[in-house]
Amino acid sequence: MFLHRLRLTHFRNYRHLDLVFEAPWTLLQGNNAQGKTNLLEAIFMLATSKAIHATQEREVVGWQAQEEPIPYCRVSGEVQTDGRLLEVEILLTQREDGVSFTKQIRVNGSPRRAMDVVGLLRAVLFLPEDIKLIDGGPAERRRYLDIALCQLDRRYCQSLAAFQRVLAQRNNLLKQLRDREISPTAPAVDAQLAFWDEKLAEQGARVIAGRHNFLLKLEQIAAERHAMLSGGREHLMLHYVPSFNPGLFSEQEFTLWRDGLLPEAPRVPLAAEQVQSAYLQKLATRRARELVAGATLYGPHRDDLRILANGRDLRLYGSRGQQRSAALSLKLAEVRVMTEVGGSAPLLLLDDVMSELDAERRALLLAVIDDAPQVIVTTTDWEDFTPEFRRRARCFRVCSGIVEAVNLE
Ligand SMILES: Nc1ncnc2c1ncn2[C@@H]1O[C@H](COP(=O)(O)OP(=O)(O)OP(=O)(O)O)[C@@H](O)[C@H]1O
Ligand SMILES: [Mg+2]
């Protein structure tokens, strides 16, 4: 996996950029607000097809694009993947309404669906705010799992997209039933709900099983990393906490598990079929409740990932240092799982993370970087890196959306 070249047009503060990556290590230095994060966001967009820092995709379109007859934004990359050289391109073009944008994706010039490009370039992004994975809300953790898994498993990505579509439609129906006070037992309505339940359970079960099984792999490696960082004092556990019993527990155990009172998880992989029947049953028994709420109350959109050290939930009880170590361990584990499952090492993107880390965490991160075929790192301060690192890396300076090679000798 290697990104040879990145080209941007009207992407955030980059009017035009054509950057060739030749060395395994690239170090980008720049003062605040010059475009370091924007550059990594563009690369991560090639990997995931999504703009990670934007709430709406049109935010990534450069303000200067308004000068164009039809405003647009283009990100393209030459990617070496599984022995092939591919040109991956994402194009956002303003619609006639003058507000929204259409997204087109091409690989070697041929149009593709978003989910078909995810995984062509696999990348792991390290951010100073990664600690949010531990102390933030469940949505943050679900998004993390989804981004990692989508890059690894195309079928997961398809199921997730299908689940989201079905969820929106089912929610719509439940809301209509509630607002219009239509009897849910009317035969037509009943059949309609049964239809959506079936679809929801089918796709949702794949998502739940996918996440649970991925975490089993991730946990092993993350625990090793965390043990190193804590001098062997802390044992890290990653627990998937679903919103209904997927068939792993008795009902009584499940309540304890959900509330964090069952210390040991059954470490067994889940089969999607098993989850599907449990999910369907849950939907059938809780239909009345969902009709009152006018929304789908059970499923992967309500699940969480619990991260524990020595049996205690780090979100609730962890110190900042413990949380930071856990977040780093999780990310490092992701790199390893991606390498093993994906068959080649992912591209590592490190956004200004060195200055946040103490010597020990820095050393662990640097050890992982050492093996990686390609690492792109940003910093405000050259001094965050040893002279040796700077000698081995290709160095650039980022200034107002312009990137220039520098020779530090
Ligand atoms: N759509 C956009 N069009 C033009 N400029 C934008 C757009 N979105 C963001 N910017 C600008 O990009 C600038 C650089 O952002 P970026 O986050 O990449 O900086 P940075 O180099 O990572 O800085 P820091 O060191 O503070 O993290 C911001 O100051 C912002 O004004
Ligand atoms: Mg930044």
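In this predicted model, Asn108 is found in the loop between strand β6 (101-107) and strand β7 (110-112). Its backbone deserves attention: Asn108 is not a glycine, yet its phi is positive, at about 50 degrees. Most residues other than glycine have a negative phi.

Asn310 lies in the loop between β10 (304-309) and β11 (312-313). Its phi is near 45 degrees, again a positive value in a residue other than glycine. Asn310 is partly exposed, with a relative accessible area of 47%.

From the loops we turn to a strand. Gln94 has its place in strand β5 (residues 84-94). Gln94 counts as buried because its relative accessible area is 16%, under the limit of 20%. Leaving aside neighbours within four places in sequence, Gln94 is in contact with Gln66, Ile70, Pro71, Val99, Ser100 and Phe101. A polar atom of the Gln94 side chain also lies 3.0 Å from the backbone oxygen of Gly98. Furthermore, Gln94 and Val61 are 33 residues apart along the chain, while their C-alpha atoms are separated by 9.5 Å.

A polar backbone atom of Val61 is 2.9 Å from a nitrogen atom of ligand 1. Taken alone, ligand 1 exposes 660 Å², of which the protein buries 75%. There are 15 residues around ligand 1, and those that come nearest are Asn32, Ala33, Lys36, Thr37 and Glu59.

The last element is helix α8 (residues 272-285). This helix has 14 residues and reaches 20 Å from its first C-alpha to its last, close to the 20 Å expected at 1.5 Å a residue. Which residues of α8 are buried? They are Val275, Ala278, Tyr279, Lys282 and Leu283. These residues cover an arc of only 135 degrees around the axis, and therefore they stand on the same side of α8. An α-helix has 3.6 residues a turn, so residues three or four places apart point the same way. On the other side of α8, Glu273, Gln281, Ala284 and Thr285 are exposed. The cover over the buried residues of α8 includes α5 (154-180), α6 (187-229) and α9 (287-293).

Definitions and conventions:
Residues are numbered from 1 along each chain as its sequence is written. Chains are lettered from A and ligands numbered from 1 in the order in which they are written. This is a predicted model: local features need pLDDT of at least 70, side-chain atom pairs count only at pLDDT 80 or more; totals for chains, interfaces and linings use all residues. Side-chain values use heavy atoms; hydrogens and water are left out. Helices (H or I, at least four residues) and strands (E, at least two) are DSSP runs, numbered from the N terminus. The expected span of a helix is 1.5 Å times one less than its number of residues. Buried means under 20% relative accessible area, exposed over 50%, partly exposed in between (1.4 Å probe, protein chains only). The arc is that of the directions from the helix axis to the C-beta atoms. Contact means heavy atoms within 4.5 Å. A residue is near a molecule or strand if one of its heavy atoms lies within 4 Å of it. A polar contact is a pair of N or O atoms within 3.5 Å; within protein, one must be able to donate a hydrogen and the other to accept it, and residues adjacent in sequence count only if both atoms are side-chain atoms. Accessible areas come from the Shrake-Rupley method with a 1.4 Å probe; for residues, only the protein chains shown count as cover.
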